[in-house]
Amino acid sequence: MTEALFILVVVVVTALAFDFTNGFHDTGNAMATSIATGALQPKNAVILSAVLNLVGAFLSIEVALTVSNKIISIQDSSGAPVESLMGVPILTIVFAGLVGGILWNLTTWLLGLPSSSSHALFGGLIGSAIAALGFGGVKWDGVISSILVPAFFAPLVAGLVAGIGTWLVYRIVTKIPEARRDAGFRWGQIGSASLVSLAHGTNDAQKTMGVITLSLIAYGSWTSTDSIPFWVKASCAVAIAAGTWLGGWRVIRTLGKGLVEIHSPQGMAAETASAAIILSSSHLGMALSTTQVATGSILGSGVGKRGAEVRWSVAGRMVVAWVTTLPAAGLVGAVCWFMADRIGGAAGVAIVFALLVAASTWMWMRSKKTAINPDNVNAEWEGHLAVTEQATPAERVSAGTAERN
Amino acid sequence: MDIFLKAFSALWQVLAVGLLLGAGIPAVFSLGMRSLDTGRVPAPAGAAHVSTDGTVASTGGKIGAGICFGLCVLAVLFGIVVIIFGKQLFS
């Protein structure tokens, strides 16, 4: 096995690992509200979301090679790698960027904070591109127009739409007896959450497909810039679906229970707002982050319902995580690139990969201390992610599904 | 500056579509729920979907609800078309 082939294999494995973290980090965007209101049992919700992510990933007929092209200068306008960086240089940049993305995704997951997986990936790539090519390696215009400006507006637009939707819904259904009302809206929730899952599979799996295809072109085993190998599509689809199925229970808990005490009419209004904004924004020239839209919608559904409690301190922590995402993932990406480059070649990449595995394992072990799982995901929010009460599973389920209004 | 102008023009469109569909669909769904709940009649023997107060939705209520829920289903189908063919449709 040549050095370049070894690095390519590591990059592909790392990219699929990123796709996997992307899956479980974002399960909550679609399913948190349905889980919180009891529209779906936690385990059924993640299975439904996983299947839809899988289908969504196969539905994508676009080639997302140009995704990274908007922010860093390692490709020409067709999406093909720049000639001077072909082979190991571009593979190392992509690899370090992916490591930055994964580690930031795991950190925010450990803290139970929803943050954009795409921004984590972009942050990692920006960092490794700066390390490798200097500040000229980054297209700052693209960073502003396709990351920073949308990140600022996504939660505001989503919050406004979901807030107005929630307000309208409660105006219309105020006289309907609660049991009948909530039973109906649970169906609405399932429909709208499914649409968000499907859109997520299409949008997000595409990004990993693009990264892997870019690496294959850089290595020289693929030449087309407007098609991708079937195995790339299939493996990315399976990776994101498997991640979704695992369920990012920590993030689901924060979104479903931490931000707002949510009821099914609010849940439907929030998910429908998310679906409409995610789908329209990706076709109107300003793709908004699924995570930020979903979070904004849930907040909006709390603001739009009279008397609903909105925990702004939890929202504030999320905003801190969002602002930190790009620089933090970028810093890790840059450090990883320097390590891989200074040690050099296959050994450098192998050592950084080993560190990634070690750090990921550590965070996974750490998460066991305050484990969140399908049984306690809906437990009462007591100001923090960790569940302190020692309730039986049955009590926890009833605490989660009981509708108080 | 150009970047911000472009962003704002995209933003207005997203907001408009968001309000029309993102807030409109839950409202239509709610109207369907309300229609099911308006003018409920006592349940005949052996009827399905009997509520705890012993009533079922009236025929008119069911028709109204069918129209509203049908619109919501159409919107979801439209969403799926956008997910699959969006890039061809809008660019």
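The structure is a predicted model, in which local features need pLDDT of at least 70 and side-chain atom pairs count only at pLDDT 80 or more, while totals for chains, interfaces and linings use all residues. Residues are numbered from 1 along each chain as its sequence is written, and chains are lettered from A and ligands numbered from 1 in the order in which they are written.

**Confidence.** The predictor assigns the complex an ipTM of 0.89 and a pTM of 0.90.

**Chain B.** Two helices and two strands make up the elements of chain B, in the order α-β-β-α from the N terminus. Elements are DSSP runs numbered from the N terminus: helices are H or I with at least four residues, strands are E with at least two. Overall values are tabulated below.

| Property of chain B | Value |
|---|---|
| Radius of gyration, over C-alpha atoms | 20 Å |
| Box of C-alpha atoms along the principal axes | roughly 70 × 25 × 20 Å |

Of the 91 residues in chain B, 34% are buried, meaning that 20 or more other C-beta atoms, placed from the backbone, lie within 10 Å of the residue's own; a residue is exposed at 12 or fewer and partly exposed in between.

**Helix α2(B).** Residues 59-90 of chain B form α2, which spans only 41 Å between its end C-alpha atoms; a straight helix of 32 residues would span 46 Å at 1.5 Å a residue, the expected span being 1.5 Å times one less than the number of residues. At Ile84(B) the helix bends by about 75 degrees, the angle between axes fitted to the seven residues ending there and the seven starting there. Its buried residues include Phe69(B), Cys72(B), Val82(B) and Ile83(B).

**Interface.** Chain A contributes 42 residues to the contact and chain B 34 residues, two residues being in contact if their C-beta atoms, placed from the backbone, lie within 7 Å. On the side of chain A that touches chain B, α5(A) gives the most, with 13 residues.

**Lys368(A).** The loop between α12 (345-367) and α13 (393-401) of chain A holds Lys368(A). Lys368(A) is exposed because 7 other C-beta atoms lie within 10 Å. Its C-alpha atom is separated by 41 Å from that of Gln75(A), 293 residues apart along the chain.

Definitions and conventions:
Rg over C-alpha atoms; globule rule 2.2 N^0.38 Å.
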